[in-house]
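Hello,

I am passing this structure on to you, and my notes on it follow below. Please have a look at it before you read on.

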Amino acid sequence: MSKQPLIAVAMSGGVDSSVVAGLLKREGANIVGMTMQLWNQRRLAELAPETATGRCCSIDDVYDARYVAQLVGIPYYVVNFEDAFEKNVVKPFVDDYLHGRTPIPCTLCNNFIKFDTFIEMAEGVGADKIATGHYARITQNSESGRWELRRALDDTKDQTYFLFGLTQTQLARTLFPLGGMVKTEVRELAKTLALPIADKGDSQEICFVPNGDYKSFIEAYCREQNISLGDMSGDIITRDGQVLGEHSGYHSYTVGQRRGLKIAAGEPLYVIATEPESKRVIVGRDEELLTQAFTARDVNWISIPPIQAPRRSQVRIRNRHVPSDATLVPAGDDTRVQVRFDSPQRAVTPGQGAVFYDGDLVLGGGWID
Amino acid sequence: MERYYFDHNATTPIAPAVIDAMLPVLRDGFGNASSIHQPGQHAKQVLERARRQVANFLGCSPKEIVFTSGGTEADNLAILSVGGHIVTSNIEHPAILSACARAESFTLVEADANGLVHPSAIQDAIRPDTALVSIMHVNNELGAVQPIEEIARIAHDAGALFHSDGVQAAGRVPVNLKNIDFYSISGHKLNAPKGIGALFVRRGVDCLPRQFGGRQEQGRRAGTENVPACAAFGAACELARPDLTALRDRLEQGILAQVPQAVVNGANAPRVANTTNIRFAGIEGEAMVIALDLRGFAVSSGAACSSGAVEPSHVLTAIGLTREQAKSSIRFSLGLGNTVEQVDALIGAVVASVAHLRRLSPVYV
């Protein structure tokens, strides 16, 4: 056995992770490729006819990953994380919707699967580090020794919003070889490395939900699990109690949503909250969506230790949201922070993440309460 | 890297003598065994010689051997050639279980905690319309040797036929076909190549074809015979097979002596000499298989699904193991070529790997 560290590359069969494998191999690293089998596509088959997009863990993807591993010339394995994925990602995803929250399964998957179960598997087989195709950068503070997470060089591809749960131990074991590259460079590299997936499309937002139809997914999953949804229909109502119409299930509404309300009103109306207890969907005018401050719970501090005093930051409350100036105020303990925006932000949504930045540095993040 | 192979229940390497028997047929025996001319007659001679070798090996008449593409086809042929109700067990190979799902009706008898199917349970499951009882001779995961003579008698007393999947048994335990109507064997578990197997069909027992075409194999299996593979299969049936008991026991005892909280699954059943299935509390079997593979040792854990990921073995859950216990189990299966040195190296690698995995395990304390 060589003394060279072994790196386990998480290979999805897509362009990014394939380039990671090719790059590391070209650099002479000792690597092993692994594809995580997360969700059994034979389940809830009624949702995913053969033509559906956004299917994760399909046989096609495994085929591609295996082929890339063969071309790159590395050992390759498919590892079965279906049990852990269902417990830590799918169930909480469904549960969040049923409780009127809008979840981000990608963050849960990063926290519990890709940077937990996968790291554990990688260490188990004797790997020292893992590498993934995420667009983010990891640096180490030369004075404190603390691992820091930074936004990707390619801001359009930056994935740090989904990585706010990473701990120091996880960062110490992780490589993001694409963090300093732009997507066009990565596609060029795929061609240079003669990887056959150079023109493959980017992956979908929620990999296990076919066609992005999360309402049908939740209903089918609950049917399969014998979870009684009961009657989820109810009133569409304004803040001041005016009933404007009815809806067929509160779980199909998300804060900020305008389309699909099917109500006639003099001005555009938006969902501002869903209330599972009363099964009501609250709607209001655009300005009613504006929020000046909120509390983040279960905050994970990444690049800095927990703050003890107010600190300036730019806070992102959705993946596509432009980080906005705010003050972070400690709220009780190290895991609760009050975020006070300089100017009110639209559609602060319970269940989504709030990520705190200082320029390209990710200070930490938590869940919008 | 030296590679040591301990997964002979999945498949076996082709023995040099088998390759020697096959190569001349690949080169010069290309004829169609159904042709009238000399090349055809030569192929036919090679084919029938192979059939005699297989028949000698099983102790039956050559006329009772139907060559198939392998164990799965042999199992399918037996199950689907009999109409009516079928009695089988919950530890059978998918080739049996999936075929039964397409039969008229079937009853699954449950094996006990040691992986044994009780004749009394078969007796209880037999109905007036039961046409076939199918119980494997040796279980692939545990190595448990089933009491098939007794089960065959019960089947016959009830007027039913008896089939046994002997894929893991042939060449490893004595086979006596006296009271058996159908018996499946597979070439690649016997150091022959993939793509060849056979079904023994007792003389006088009907065997309806499942694929249709020419009149090959006495009208029981249409399709031009794979003569080179048949020749290889025949040669494999004549290989000398050393008793692997001492080697397996050395492996099993070596591991149990050095690894705490390791348990042999199905230890109290009569077992085939080449197999041991060991459960290591607190480890992920999948990680162990990969870790050992990266060090050159091939072992197995569970069943591969279509993507290549590992699913817990249905046999282990059928004998009452939890999903977690099934996932922490590793099957070691020995065969031709394994040596004492290889076994000792494997013991060392297993001990190190279990210790490493347990250090990382959140559940093992």
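Which residues touch the most other members of the largest nonpolar core? They are Val9(A), Val19(A), Ala21(A) and Ile130(A), in a core of 132 residues. By nonpolar core I mean a set of buried Ala, Val, Leu, Ile, Met, Phe, Trp, Tyr and Cys residues joined through C-beta atoms within 7 Å. Buried means that 20 or more other C-beta atoms lie within 10 Å of a residue's own, exposed means 12 or fewer, and partly exposed is in between, with C-beta atoms placed from the backbone. With seven residues, helix α4 (residues 105-124) of chain A gives the most to this core. A second, separate core has 85 residues, including Val87(B), Ile122(B), Val133(B) and Val315(B).

Before going further, a word on conventions. This is a predicted model, in which local features need pLDDT of at least 70 and side-chain atom pairs count only at pLDDT 80 or more, while totals for chains, interfaces and linings use all residues. Residues are numbered from 1 along each chain as its sequence is written, and chains are lettered from A and ligands numbered from 1 in the order in which they are written. Helices (H or I, at least four residues) and strands (E, at least two) are DSSP runs, numbered from the N terminus.

Back to Ile130(A): beyond its neighbours within four places in sequence, its contacts (C-beta atoms, placed from the backbone, within 7 Å) include Ile7(A), Ala8(A), Phe118(A), Ile119(A) and Arg173(A).

Chain A also has an open sheet of four strands in the order β9-β8-β11-β10, with mixed pairing; two strands pair if DSSP finds at least two bridges between them. The edge strands, β9 (243-247) and β10, each pair on one side only. Strands β10 (residues 270-275) and β11 (residues 280-284) of chain A run antiparallel and are joined by five bridges. Val271(A) stands opposite Val283(A), and Thr274(A) has Val281(A) as its bridge partner. The two strands form a hairpin with four residues between them, and Lys279(A) in the turn has a positive phi of about 55°.

Chain B has 13 helices and 14 strands. Its radius of gyration (over C-alpha atoms) is 21 Å, close to the 21 Å from the globule rule (2.2 Å times the number of residues to the power 0.38) for 365 residues, so chain B is as compact as a globular protein of that length. Of the 365 residues of chain B, 53% count as buried.

Best wishes

Terms used. Two residues are in contact if their C-beta atoms, placed from the backbone, lie within 7 Å.
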